[in-house]
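Biologist: Can you walk me through this one? I'd like to go piece by piece.

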Amino acid sequence: MKRIALGVQYDGSSWSGYQKQPDRNTVQDRLEIALAEFARVELPTTCAGRTDAGVHALEQVIHFDTDLSRPINAWVRGVNAFLPDSIVVRWARELAHDPEHEFHARFSAHSRTYHYVLYNNPNRSALLAGRAGWVFRPIDVELMREAAQCLVGTHDFSAFRSSQCQARTPIKKLNELRIERRGDVIVFTVCAGAFLHHMVRNLVGSLVYVGIGRQPVSWMREVLESGDRDMAAPTFMPDGLYLAKVGYDPKWGLPQEDSSPLGWF
């Protein structure tokens, strides 16, 4: 048996999230259909982290086990031949199947990095529809950066947690929260070992409240310390959220790609 890891990129606009659902309109459903068509056998997959409806991935990582012998690049080109334009396998890596020290897309990951792309202009962009959030009011990035400082580190993030969240604890360590601007595009980069459901979108929504002057910088710490979801801003739209990279030990030798949305503009 071999364990195959794939780096998968997708535009989530037309999909009902990543995880399989009865209507089969998810990224995982379509990916497993393509794998079965290419391999002529069903290949159940495991992903690094599920994404919601409308959320994108620059690099989702999945794995599956198989005893089939295929050139490693065939798992890229062959599977892509059966995928729609909105989903693509970017790379593949074969890993030894070792029950004691084997790679696992989810449990071997030590971090997840998300980008949130926000378009800040009085008028919406037709070209960024479904691919970026939009705020028409002027935003002060420096105020948001100042407000974000209190979020980095280990905290109880209950105030930014969805009521649907199934995580065992709301305590998470936020490794990084970076905010960059280029013209009308603002990119929030958030990195942690793991996230609560809707945590990134709730953080972005609250930071935007500060950026547009609706709340003062000090309000962010008050919300965080309150643990009260009702104090924070509403959940921000999914359009601009991208799973950017999953962090693994270099020993696995995954050919991962670095990509920043700022390079698109």
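Modeller: Let's begin with the domains. This is a predicted model. The C-alpha centres of domain 1 and domain 2 lie 28 Å apart.

Biologist: Which residues belong to domain 1, and which to domain 2?

Modeller: Domain 1 covers 2–107. Domain 2 covers 110–242.

Biologist: How many residues of each domain are in contact with the other?

Modeller: On the domain 1 side, 12 residues. They are in contact with 12 residues of domain 2.

Biologist: What area is buried between domain 1 and domain 2?

Modeller: About 880 Å². Carbon and sulfur atoms give 47% of that.

Biologist: And which residues in domain 1 lose the most area to domain 2?

Modeller: Asp52, Val55 and His56. Together they make up 48% of what the domain 1 side buries.

Biologist: What about charges? How many salt bridges cross the interface of domain 1 and domain 2?

Modeller: The rule finds 2 salt bridges there. It also finds 9 residue pairs in polar contact across that interface.

Biologist: I also have Asp11 on my list. What does Asp11 form a salt bridge with?

Modeller: With Arg131. Their closest N and O atoms are 2.9 Å apart.

Biologist: Back to His56. Where is His56 found?

Modeller: In strand β3.

Biologist: Is His56 buried or exposed?

Modeller: His56 is buried, because its relative accessibility is 1% and the cut-off for buried is under 20%.

Biologist: What does His56 contact, leaving aside its neighbours in sequence?

Modeller: Quite a list. Among the contacts of His56 are Tyr10, Asp11, Gly12 and Ser13. Gly130, Arg131 and Asp239 are also among them.

Biologist: Which backbone oxygen lies 2.8 Å from a polar atom of the His56 side chain?

Modeller: The backbone oxygen of Asp239.

Biologist: Now Asp52. What does UniProt say about it?

Modeller: The UniProt entry, which is unreviewed, gives Asp52 the annotation "active site". In the model, Asp52 sits in the loop between β2 (46–47) and β3 (56–66).

Biologist: Why does Asp52 count as partly exposed?

Modeller: Because its relative accessibility is 26%.

Biologist: Buried or exposed, Tyr114?

Modeller: Tyr114 is buried, because its relative accessibility is 11%.

Biologist: And what does Tyr114 touch?

Modeller: The contacts of Tyr114 include Arg50, Thr51, Phe188, Thr189 and Val190. Leu241, Tyr242 and Leu243 are among them too.

Biologist: Switching to Arg145. Which helix is Arg145 in?

Modeller: Helix α3, residues 141–148. Arg145 is partly exposed, with a relative accessible area of 33%.

Biologist: What does Arg145 touch?

Modeller: Ile179, Glu180 and Arg181, not counting residues up to four places away in sequence. A polar atom of the Arg145 side chain lies 2.8 Å from the backbone oxygen of Ile179.

Biologist: How far is Arg145 from Val210?

Modeller: Their C-alpha atoms are separated by 9.7 Å. Along the chain they are 65 residues apart.

Biologist: Last one. Where is Ala126 found?

Modeller: In the loop between β5 and β6 (133–135). Ala126 is exposed, because its relative accessible area is 64%. The C-alpha atoms of Ala126 and Pro250 are separated by 40 Å.

Terms used
Residues numbered from 1 in each chain as written. Predicted model: local features only at pLDDT ≥ 70, side-chain atom pairs only at ≥ 80, totals over all residues. Heavy atoms only, no water. UniProt positions renumbered as here; feature names shortened; annotations may be inferred. Helix = DSSP H or I, 4+ residues; strand = E, 2+ residues; numbered from the N terminus. Buried < 20%, exposed > 50% of the residue type's maximum accessible area, 1.4 Å probe, protein only. Domains from an automatic or database assignment. Contact = heavy atoms within 4.5 Å. Buried area = accessible area lost by both parts, 1.4 Å probe. Salt bridge = Lys/Arg side-chain N within 4 Å of Asp/Glu carboxyl O. Polar contact = N/O pair within 3.5 Å; in protein donor to acceptor, adjacent residues only side chain to side chain.
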